[in-house]
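Please keep the sequence and the structure in view while reading.

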Protein chains: 2
Amino acid sequence: MPRYTIGVDIGGTKIAAGVVGSAGRVLARVTSRAHAGQPPEKVIAATLQAVQTVQARAGLAGSDIAAVGVGFPGHVHSARGLVLTCSNLPAWNNHPLRERLQEALELPVVLDNDCNCAAWGEYRYGAGRGARYLCYITLSTGCGAGIVLDGKLYAGATGTAGEIGHTVVDPGGPLCTCGKRGCVMSYACGMALSRMACERVRRGEPTLLRELCGPAPEQISGEAVAQAAAQGDRVAQELLATTGHYFGLALSTIVQLLNPDRIVIGGGLAHIGAPLMDPCLQALNENIHPSLIGSAEIVFSQLWEDAGMIGAADLARELAGSVQ
Amino acid sequence: MPRYTIGVDIGGTKIAAGVVGSAGRVLARVTSRAHAGQPPEKVIAATLQAVQTVQARAGLAGSDIAAVGVGFPGHVHSARGLVLTCSNLPAWNNHPLRERLQEALELPVVLDNDCNCAAWGEYRYGAGRGARYLCYITLSTGCGAGIVLDGKLYAGATGTAGEIGHTVVDPGGPLCTCGKRGCVMSYACGMALSRMACERVRRGEPTLLRELCGPAPEQISGEAVAQAAAQGDRVAQELLATTGHYFGLALSTIVQLLNPDRIVIGGGLAHIGAPLMDPCLQALNENIHPSLIGSAEIVFSQLWEDAGMIGAADLARELAGSVQ
């Protein structure tokens, strides 16, 4: 009797779960409006609910599920099954999420950082296949990376390798959510794009963004900025260029320090394409040693928003041994 | 009959060679005034000479030497035995140094980047022993790093992993030797310290450095700056603090991206100690996620200027198989 694993991607705005079969195929899926910003009890209950829903949608019995893989957006110590920290939410500090989920689900659980899960998903079934030294980087609400070296997820000593979003690229720059100044993420992520757009609107600059966001400029989305840029709005174009530039600086650090053969770019903002990626690639090539230009193949994600779920399910497959 | 390997460290100002026995013990050594800035033919001849000298000093016959390991200060593709680039010296571009040395020495040769050799030396016989994810970083004429992960030297796709010196930490900052602006190395290395000291002297600031360097301020050494700082010279103290600060930023990037369990600091400037290391550690801890403070043990080198030679010899041991 073939058995399956379920991947769960706990995000900052939703929880996505899917039954994943062989070759990374998603057999059934569900999205819940619960998210990592809620209390752990609520997230655990929502995860249980999501797992039961996809299992039912796939027409499977509980005994058909071998294990569950869970990606979580924070510092995660996978080997110990702990969430170490998540943004500035003290409820998650040193939270034994894996154990709690195992009790709730009555199944073996693998817990890892969401970017690590996505990196693994791309490596196994997406744009990272065949890479020897792979770095997956996401440009989304936040900015983070996952690393796969020689066919193994590389998590570092405390499970936090790949924290490129909080490397400093502009000392004395804007305040980041982490409390430091001038992190990559203080320019290169959806939150930073909203902040910078809001600042420009508040400063009274002429821009379509004023109408697009209405009375609450702090809610400007990456999509709205992209839309305004496509309509020729200079401010929006400059914002995307700034975000792209600092994202490119982040890539340059990765190329200099890790020298990967492939970098896979994922996350919602990556869909914006040229207005963001052209300045990114320019900054990358201008900020690495000239001999390293072209040393890493730069490609977009193939699994996109499913990467974390599929990767988490595949990590659970490894845990459970031979399954469907 | 026991056989030995010889390690050669080709540097920017000298070539050091040694016969290295078991447990990393240096049985005989020599230092030559040849250096990597000279034409390849001269460097190859000086290396041959150095190898013959140490072999004789150790009382060994040619047949006692199993292999030679060579560290070189540039981009090196170890697997292909090539120097890819060395500073801005076109004579070294894609130079088949390993093959040329094998012909000259009539022995198997391992070629690797000098920092990689030093990292390996520290991992095997020095301050890196027992580390799982080790980063060795040198603060010397330049600034570079070598990485050892799970007991294996990590060189990346084109052999250049660990190029922390040319990651950008201050966009728009001073011009670096690589042609970019605001690299770690435009502040944190001996060359940068000399440049900054020279600028301060030329600006007419009151400082002991003026007397220490005489009529040629561009020749101010790290030792002279340290000496002036120890005598209470404010300018010298500020220079060391600046160098230390940017070196700490480099460490913060390493901690964020690689999450090592140990960082070994080597190189001549590291001997300066507190006036440089205090600002370094402060910058490190201020520029990593608070939960990562203390995640990596920060220690000084144990092999110091022998690290590269001993590491190169040990890499040659691995090539040659079982030797003394």
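Predicted model: local features only at pLDDT ≥ 70, side-chain atom pairs only at ≥ 80, totals over all residues.

Which residue of β2(A) is the bridge partner of A:Asp9? The partner is A:Ala16.

Strands of a sheet pair through backbone hydrogen bonds, in either a parallel or an antiparallel sense. In chain A, five strands form an open sheet with the order β3-β2-β1-β4-β7, and the pairing in this sheet is mixed. The edges are formed by β3 (26-32) and β7 (109-113) of chain A, each of which pairs on one side only. On average, neighbouring strands of this sheet are turned by 15° against each other, if direction is ignored.

Strand β2 (residues 15-20) of chain A has a partner on either side. Six bridges join β1(A) to β2(A), and these two strands run antiparallel. In the hairpin of β2(A) and β3(A), five residues lie between the strands, and A:Ala23 takes a positive phi near 60°.

A:Ala16, the partner of A:Asp9, stands opposite A:Thr31 in β3(A). A:Gly18, in turn, has A:Arg29 of β3(A) as its bridge partner.

Are the residues of β2(A) buried or exposed? The strand is mostly covered, with six of its six residues buried. The covering extends to both faces of β2(A): A:Ile15, A:Ala17 and A:Val19 are buried on one side, and A:Ala16, A:Gly18 and A:Val20 are buried on the other.

Helix α2 (residues 97-105) lies across β4 (65-72) and β7 of chain A, and its direction is at about 145° to β7(A). Helix α3 (residues 114-125) of chain A lies across β1 (4-10), β4 and β7, running at about 100° to β7(A).

## Another sheet in chain A

Chain A also contains an open sheet of five strands in the order β10-β9-β8-β11-β12, with mixed pairing. Its edge strands are β10 (152-154) and β12 (297-300) of chain A, each pairing on one side only.

Strand β11 (residues 262-266) of chain A pairs with β12(A) in the parallel sense, over four bridges. Within this pairing, A:Val264 has A:Val299 in β12(A) as its bridge partner. Helix α7 (residues 234-258) of chain A lies across β8 (133-139), β9 (143-149) and β11 of chain A, and runs at about 165° to β8(A).

## Helix α4 of chain B

Helix α4 (residues 190-202) of chain B has 13 residues. From its first C-alpha to its last it reaches 18 Å, close to the 18 Å expected at 1.5 Å a residue. α4(B) is followed by B:Gly204, whose phi is positive, near 85°.

The buried residues of α4(B) are B:Gly190, B:Ala192, B:Leu193, B:Ser194, B:Met196, B:Ala197 and B:Arg200. Among the elements that cover them are α5 (209-213), α6 (222-230) and α7 (234-258) of chain B.

## How the two chains meet

The contact between the chains involves 36 residues of chain A and 36 residues of chain B. On the side of chain A that touches chain B, the elements that give two or more residues are β6 (82-85) and α7 of chain A. The largest share, six residues, comes from α7(A). By class, this side of chain A has 15 nonpolar, 16 polar and five charged residues.

Two copies of a chain are related by a rotation about an axis and a shift along it. In this model, a rotation of 180° with 0.0 Å of shift along its axis superposes chain A on chain B, with an RMSD of 0.0 Å. The two copies are therefore related as by a two-fold rotation axis. The same surface serves both copies, since 100% of the contact residues of chain A recur in chain B. Of the residues of chain A, A:Val169 comes closest to the rotation axis, with its C-alpha at 2.5 Å.

Technical notes:
Residues numbered from 1 in each chain as written. Chains lettered and ligands numbered in written order. Pairing = 2+ DSSP bridges. Contact = placed C-beta atoms within 7 Å. Axes fitted to C-alpha atoms, helices over the stretch in contact; angles between N-to-C directions. Nonpolar A, V, L, I, M, F, W, Y, C, P; charged D, E, K, R; others polar. Least-squares fit on C-alpha atoms with pLDDT ≥ 70 in both. Expected span 1.5 Å × (residues − 1). Buried ≥ 20, exposed ≤ 12 C-beta atoms within 10 Å, placed from the backbone.
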